[in-house]
Amino acid sequence: MKKLPVFLSLLASTLVFASCEKEIEEIKDPAQEVAAAAANAQSKPELLAAGPWHLASLTLASATPGATATPAVDILPRMKAAQRDNQHTFKADGSYVLDEAAEKAYAEAPQQLTGSWKLTGDSLTVTQPNVTRHFFVEELSTTTLRVKLTQAGEQGTTTYTSVFSR
């Protein structure tokens with residue numbers, strides 16, 4: 001009988017020590033995380049050429065010399081469905097394809113227009129037959145492409161901001 005309290009106290013102390021054991025957390029080296037992220041990161045041209053882009057937003061802002069700038073207006077809802085569903089594909093070889101997708105603006109229009117593209121820093125140049133446009137790239141990620149096109153004329157400056165998504 002005298003051994004029972006000793007046995008119970010040993011059992012209780014074992015349970016106490018077992019419950020106090022700390023969990024060991026795996027600590028990752030920040031340098032390894034940065035290296036892994038850099039290995040998975042794509043260059044801007046690779047991001048652009050990773051797949052087709054669809055227009056998600058198109059805003060227009062105009063400024064007349066000597067007047068205050070007008071607020072940006074979203075003109076995407078005012079565009080025809082045939083223009084809103086177009087696919088823009090930037091291929092790795094520098095070629096560009098504008099596909100009319102399901103709806104075409106005109107039945108006699110070609111399904112695809114081709115051209116070329118070049119990305120230098122934050123400047124994207126898209127060349128199609130009879131037109132070359134120079135865009136400023138504000139954002140380029142795996143899911144979003146935001147570009148600005150500014151046109152200056154006698155009446156003032158018009159800035160188009162296009163947001164594309166995958």
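## Burial and Asn 86

A residue counts as buried when its relative accessible area is under 20%. Asn 86 has a relative accessibility of 8%, so Asn 86 counts as buried. The model discussed here is a predicted one.

Asn 86 sits in the loop between helix 4 (81-84) and strand 3. With neighbours within four places in sequence left aside, Asn 86 is in contact with Trp 53, His 54 and Leu 55, and also with Leu 98, Asp 99, Glu 100 and Ala 101.

## Overall layout

The protein chain contains 4 helices and 9 strands. Along the sequence they follow the pattern α-α-α-β-β-α-β-β-β-β-β-β-β. Of the 166 residues in the chain, 25% are buried.

Contacts can also be sorted by separation along the chain. Among contacts with a separation of 6 or more, 39% are between residues 24 or more positions apart.

## The largest nonpolar core

The largest nonpolar core is made of 22 residues. Those with the most contacts inside this core are Leu 48, Phe 90, Trp 117, Leu 124, Leu 140 and Leu 145. Two or more residues each come from helix 3 (44-48), strand 1 (53-63), strand 4 (95-99), strand 5 (112-120), strand 6 (123-128), strand 7 (131-140) and strand 8 (144-153).

Apart from neighbours within four places in sequence, Leu 124 is in contact with Leu 48, Phe 90, Trp 117, Lys 118, Leu 119, Arg 133, His 134, Phe 135, Val 137 and Val 147. Leu 140 belongs to strand 7 and, at 16% relative accessibility, counts as buried. Under the sequence limit of four places, the contacts of Leu 140 are Lys 44, Leu 47, Leu 48, Trp 53, Leu 119 and Leu 145. The C-alpha atom of Leu 140 is 10.0 Å from that of Ser 165, a residue 25 positions away along the chain.

## Aromatic rings

The structure has 2 aromatic pairs. In one of them, Phe 90 and Tyr 96 are tilted, with 5.1 Å from centre to centre and 50° between the planes. Phe 90 has a relative accessibility of 5% and counts as buried; Tyr 96, also at 5%, counts as buried. Phe 90 also pairs with Trp 117: the ring centres are 5.8 Å apart and the planes stand at 90°, so this pair is edge-to-face. The pair links distant parts of the chain, since Phe 90 is in strand 3 and Trp 117 is in strand 5, 27 residues apart.

Trp 117 is at 11% relative accessibility and therefore counts as buried. Phe 90, Tyr 96 and Trp 117 form one aromatic cluster.

## The largest pocket

The largest pocket holds about 730 Å³ of space. Its lining consists of 27 residues, and those nearest the centre are His 88, Leu 98, Arg 133, Phe 135 and Phe 164. By type, the lining has 20 nonpolar, 5 polar and 2 charged residues.

At least two lining residues come from each of strand 1, strand 3 (87-90), strand 4, strand 6, strand 7, strand 8 and strand 9 (156-165).

## A serine in strand 9

Ser 162 is part of strand 9. Its relative accessibility is 10%, so Ser 162 counts as buried. Residues up to four places away in sequence not counted, Ser 162 touches Leu 55, Ser 57, Leu 58, Leu 145, Arg 146 and Val 147.

## Two loop residues with positive phi

Ala 101 is not a glycine, yet has a positive phi of about 60°. Ala 101 lies in the loop between strand 4 and strand 5. At 22% relative accessibility, Ala 101 counts as partly exposed, because that class runs between the limits for buried, under 20%, and exposed, over 50%.

Asn 130 likewise is not a glycine and has a positive phi, of about 70°. The loop that holds Asn 130 lies between strand 6 and strand 7. With a relative accessible area of 84%, Asn 130 is exposed.

Terms used:
Residues are numbered from 1 along each chain as its sequence is written. This is a predicted model: local features need pLDDT of at least 70, side-chain atom pairs count only at pLDDT 80 or more; totals for chains, interfaces and linings use all residues. Side-chain values use heavy atoms; hydrogens and water are left out. A nonpolar core is a set of buried Ala, Val, Leu, Ile, Met, Phe, Trp, Tyr and Cys residues joined through side-chain atoms within 4.5 Å. Buried means under 20% relative accessible area, exposed over 50%, partly exposed in between (1.4 Å probe, protein chains only). Contact means heavy atoms within 4.5 Å. On a 1 Å grid over the protein atoms alone, a cavity is a set of points where a 1.4 Å probe fits but cannot get out, and a pocket is an open set with protein on both sides within 12 Å along at least five of seven lines; lining residues have an atom within 4 Å of a point. Grid points are joined across faces, edges and corners, and a volume is the space filled by probe spheres set on the points. Ala, Val, Leu, Ile, Met, Phe, Trp, Tyr, Cys and Pro count as nonpolar, Asp, Glu, Lys and Arg as charged, and the others, Gly among them, as polar. Rings of Phe, Tyr and Trp (its six-membered ring) pair if their centres lie within 6.5 Å; planes under 30 degrees apart count as stacked, over 60 as edge-to-face and the rest as tilted.
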